[in-house]
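Reader: Hi! Could you walk me through this one with me?
Author: Happy to, just ask away.
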Amino acid sequence: MARRCVGKLRLATASNFAPARSFHLTTPRYDSLAVASADAPPVASSSTTRPKESPINVLRKRREAELRNLLSLKSPSPHAVWAKYLELLQFYGPSAVPREIHQGVLRKCSPSAVQLRAVAAKRRAQGGRFKDSYLYEARFRDVIRNIRASGETPSLEDYHCVLELFVAVGNHSSAMQVFGEITELGLVKKPETYGLCLKALAHRLALPVWHLHRPLLVDEISGHCKQILDDMSLNNVPFTARNVDLVFRILKETLNMEGFNHLMRHAYGIDLAYPDRSPLEFWDKKEGDSSTATVQDAAAAAFPTRLPFSLAAFNTALDYLGRAGDVSKMIQLFEVVTNPLPSSAQSYADEDEDDFGVADPQVAPYRPPHVQPNTTTFHTLLRSLHKAGHLALARHYLLVALEMEKQERLRLRKLVVDVPPAEIPAPRLAVTRSLILPVFSAANDNKNTELMRWVQRKTHRVITWKRRNLSYFEEVRRQWIEAGIYQPPTLTEAEMDEEALPLGPASSRFSTFFNPSSSSLIAEDDSTTSFEDSKPFNIDLHINLLRRDLDGLVELESRVEDVLARTVQRIKERLGRRVWHNKDIFLRDAETRVPVSKEFWRENVNYRPQSQASAQGASSGQAPSDAPHSQRPAPSHIPDTARDPQDMQAATSPSGSPAKSTSVS
């Protein structure tokens, strides 16, 4: 094959080449270089080269631009932000990084507080702990340290960003450390600063803790709360409704009366020892100038801006005093606030002042608070009285509630006739099962049959009122619809839930109860009188509430009858055993303890044999044990064959009293 290739090779001839191109010579040309003279001005050259930038500076600017672009995003990755921040620190150092970058990283190096709170709650629900907060806390600490290393002071908003993280996870210890650092730097604290610290304390109380460690935690948080309140008083920081909410939530768990009194004096200007006068620390103590105008101006300047003492705050104060067991102050506050005394501007110059010195009320002009109670107010009051065991006070304030509801019912009936439906305010008070139940429970705890019978009569009377009101407002609704002045809207279950009342005491465990939240109120003046806009009257909602209350009261009445009958029966059995053992019993008619015969006892307590009760139950087709207590058979005398009252069943009248007037105990 190689031979064949070699044989095919041929040498190219001259004709195969392209014709040669002849070169043309140009005439010679001489170039001269012009040299500028010394007197001529210099000419700028466009070909001057720029000095090259250092590669390290180019890299720094690139890293800074990347971090700024990342911080401009709405929700960047916290880990990506922190990684870029560390890279920039390697090039610049902490002191050379601009302050705005430090502040941007401080706000974007961790998830938002809402996300952290949700993740932490989910982790606790699964039985674990959220430990990532320590990572973000370390990042915050490094950024704050870098800002201070650059010779600048972190702003108050920077510390607020840190506090929001501690609030989300309930880290109260770190929050108080930040609070101390703010104080050390001399930054002017705002109400928001105190509010964030109080939120951290309240959130920590809501988190689970071992029961043996809880008393120590409560004491620690109580001390921190007192420290915050003292600092607010020292710096004359006004209270806000939200901060008062938080302090109430903390104090209701700790039951710290000292802190509660401090809060009532400085937030609402109410001294619980003397609710009808201003606190003593706000009285003007100047003795040189006796001019009334000067004294009043000075006192008004010394008196701080007070929050309006709303109905929600009033109910919370009653609940706190009731939980603390201070019944006297609770009753005093209720009476002073609901029945305010005349203005303290009157003169006391004619009174004897030898014993107590001069006490001119004009030293501190004061307008006492005034609040109209509602159903929750009486529920809180009666529940606390039941817990304290004050039967007489519980009976009295139930009578007050019944009288106020009567006035409210008459007022509403008059408004329905004279006022258009859109202008009628909703009623504020209604006697429900939740108001009667504490009084009956207190009577049952003490086996007070007289109070039980009184509760039974009042319950029956309230049921009668409710039925009449229900019929009346159903007729009014029908007339409004026929007249075309009312169109019935669709009543949702959510609207019913808004009007639902608490049916029993709240748990002693900390919760977000503080049901009466005054957070929506803003103190724009120093008035302590509550003028809250009442809700408009909704006749459909009112009828549904009447039906709901009526059902609860009917059920309660049946329960009262059963408990009363059982209590009377047990008392008779206990006294009957004493009679059968020839022991004396107390007779109210004789006003002394005397022995009585078995025949006297049979005649007055209406005992009957068990066989007779079984026979009567069989004749009615129902066993005695299955028969309802409200359908008790008629009383009958016991035969001579029966000896032991334990073998007998007490037969009483429907009211639970013996057939004869003789009273035994």
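Predicted model: local features only at pLDDT ≥ 70, side-chain atom pairs only at ≥ 80, totals over all residues.
Reader: Let's start with a pair: are K189 and D231 buried or exposed?
Author: Both K189 and D231 are buried, where buried means under 20% relative accessible area, exposed over 50% and partly exposed in between, with a 1.4 Å probe and protein chains only. Residues are numbered from 1 along each chain as its sequence is written, and side-chain values use heavy atoms, with hydrogens and water left out.

Reader: Thanks! What do K189 and D231 form, and how far apart are the closest N and O atoms?
Author: They form a salt bridge, with the closest N and O atoms 3.6 Å apart. The term stands for a side-chain nitrogen of Lys or Arg within 4 Å of a carboxyl oxygen of Asp or Glu. K189 sits in the loop between α8 (172–185) and α9 (191–206), and D231 in helix α10 (residues 214–234), so the pair ties together parts that are 42 residues apart in sequence. Helices here are DSSP runs of H or I with at least four residues, strands are runs of E with at least two, and both are numbered from the N terminus.

Reader: Which residue does K226 pair with?
Author: K226 has a salt bridge with D230, at 3.1 Å between the closest N and O atoms. The two are four residues apart in α10, about one helical turn. K226 is partly exposed at 33% relative accessibility, and D230 is partly exposed at 34%.

Reader: And where do D142 and R145 lie?
Author: Both are in helix α6 (residues 132–149), three residues apart, or about one turn of the helix.

Reader: How many salt bridges does a search of the whole structure find?
Author: It finds 27. Some are linked in a network, made up of E405, R409, K466, R548 and D549.

Reader: Switching to α17: how many residues does it have?
Author: Helix α17 (residues 391–418) has 28 residues and reaches 41 Å from its first C-alpha to its last. That is close to the expected 40 Å, a span taken as 1.5 Å times one less than the number of residues. E405 and R409 are among the buried residues of α17, along with others including L391, Y397 and L412.

Reader: What covers the buried residues of α17?
Author: The cover includes α15 (327–338), α16 (375–388), α18 (433–445), α19 (449–483) and α21 (539–580), going by contacts, meaning heavy atoms within 4.5 Å.

Reader: Zooming out, how many helices and strands are there in the chain?
Author: There are 23 helices and four strands. Buried residues make up 41% of the 665 residues.

Reader: How many residues are in the largest nonpolar core?
Author: It has 128 residues, and those with the most contacts inside it are V105, F260, M264, Y268, F309 and F314. A second, separate core of eight residues includes L575, V579, W580 and V605. A nonpolar core is a set of buried Ala, Val, Leu, Ile, Met, Phe, Trp, Tyr and Cys residues joined through side-chain atoms within 4.5 Å.

Reader: Last topic: how many disulfides turn up?
Author: Zero in the whole structure, taking a disulfide as a pair of cysteine sulfur atoms within 2.5 Å. For C109, the nearest cysteine sulfur is that of C161, 7.2 Å away. C109 is buried, at 0% relative accessibility.
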